[in-house]
Amino acid sequence: FKSHPNTDIVCSHLNACGGMTSTDKAGDTVVFRLPKMEVGLVVICGCCGKQVAKQMFMENLNIEISYNSVPIRRGGWDLWPNNKCVRVMKRFGMGTQQSDRDGESYLAVSLLNDTRGSIK
């Protein structure tokens, strides 16, 4: 586990953990560069509770999650593997843009409206 500077976040997966806090009413985005992947799924987990995913992600209309600049349709999301996490892509190639020429892809979480608080 390693602490991140200027935050109270402790992350056990140094290349797969991040957080964001909104300082404005809208417009903040955090982007995660994903390694080259040919199979798999994309899951986002919330911080600070075992039942946070539904409220933090699935019911939160103040965020948008995109894969390679294409918004991921909310109707395809589900709680997985527990109530702390949301599976936003069950498999690759679900109508999203292809990865860049190096095979990397980008997952973005954007704050859309008046979201004063943290999404970790």
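This is a predicted model: local features need pLDDT of at least 70, side-chain atom pairs count only at pLDDT 80 or more; totals for chains, interfaces and linings use all residues.
Good morning. I shall begin with the overall composition. The protein has 120 residues, and 32% of them are buried. Its secondary structure consists of eleven strands and one helix. Read from the N terminus, the order of elements is β-β-β-β-β-α-β-β-β-β-β-β. Turning to contacts, consider the pairs of residues that lie at least 6 apart in sequence: 68% of these contacts join residues at least 24 apart. The accessible surface amounts to about 7,900 Å², and carbon and sulfur atoms account for 49% of that area.

Next, a sheet. Three strands form an open sheet in the order S5-S9-S8, and their pairing is antiparallel. The edges are strand S5, residues 42–45, and strand S8, residues 78–79, each of which pairs on one side only. Between S8 and strand S9, which covers residues 85–89, the antiparallel pairing extends over two bridges. Within this part of the model, Asp78 stands opposite Arg87 of S9. The loop that joins S8 to S9 contains Pro81. The peptide bond leading from Trp80 into Pro81 is cis, with omega near -5 degrees.

I now come to the interior. In soluble globular proteins, nonpolar side chains tend to be buried together. Which residues touch the most other members of the largest nonpolar core here? They are Phe57, Ile65, Tyr67, Ile72, Val88 and Leu107, in a core of 20 residues. At least two residues of this core come from each of the following elements: strand S4 (29–34), S5, helix H1 (53–58), S6, S9 and strand S10 (105–111). Beyond its neighbours up to four places away in sequence, Val88 touches Val42, Ile44, Ile65, Ile72 and Trp77.

Ser66 belongs to strand S6, which spans residues 63–67. Is Ser66 buried or exposed? Its relative accessible area is 8%, which is under the 20% limit, so Ser66 counts as buried. Apart from neighbours within four places in sequence, Ser66 is in contact with Pro71, Ile72, Tyr106, Leu107 and Ala108.

The side chain of Ser110 forms a polar contact of 2.9 Å with the side chain of Thr29. With residues up to four places away set aside, Ser110 touches Asp28, Thr29, Asn62, Ile63 and Glu64.

Finally, I turn to the loop between S6 and strand S7, the latter comprising residues 70–71, where Asn68 is found. Asn68 is not a glycine, yet its phi is positive, near 50 degrees. Ser69 lies in the loop between S6 and S7 as well, and it too has a positive phi without being a glycine, at about 70 degrees.

To close, I would direct your attention on the model to the cis peptide bond from Trp80 to Pro81, and to the side-chain contact between Ser110 and Thr29. Thank you.

Methods: Residues are numbered from 1 along each chain as its sequence is written. Side-chain values use heavy atoms; hydrogens and water are left out. Two strands pair if DSSP finds at least two bridges between them. Helices (H or I, at least four residues) and strands (E, at least two) are DSSP runs, numbered from the N terminus. Buried means under 20% relative accessible area, exposed over 50%, partly exposed in between (1.4 Å probe, protein chains only). Contact means heavy atoms within 4.5 Å. A nonpolar core is a set of buried Ala, Val, Leu, Ile, Met, Phe, Trp, Tyr and Cys residues joined through side-chain atoms within 4.5 Å. A polar contact is a pair of N or O atoms within 3.5 Å; within protein, one must be able to donate a hydrogen and the other to accept it, and residues adjacent in sequence count only if both atoms are side-chain atoms. Accessible areas come from the Shrake-Rupley method with a 1.4 Å probe; for residues, only the protein chains shown count as cover.
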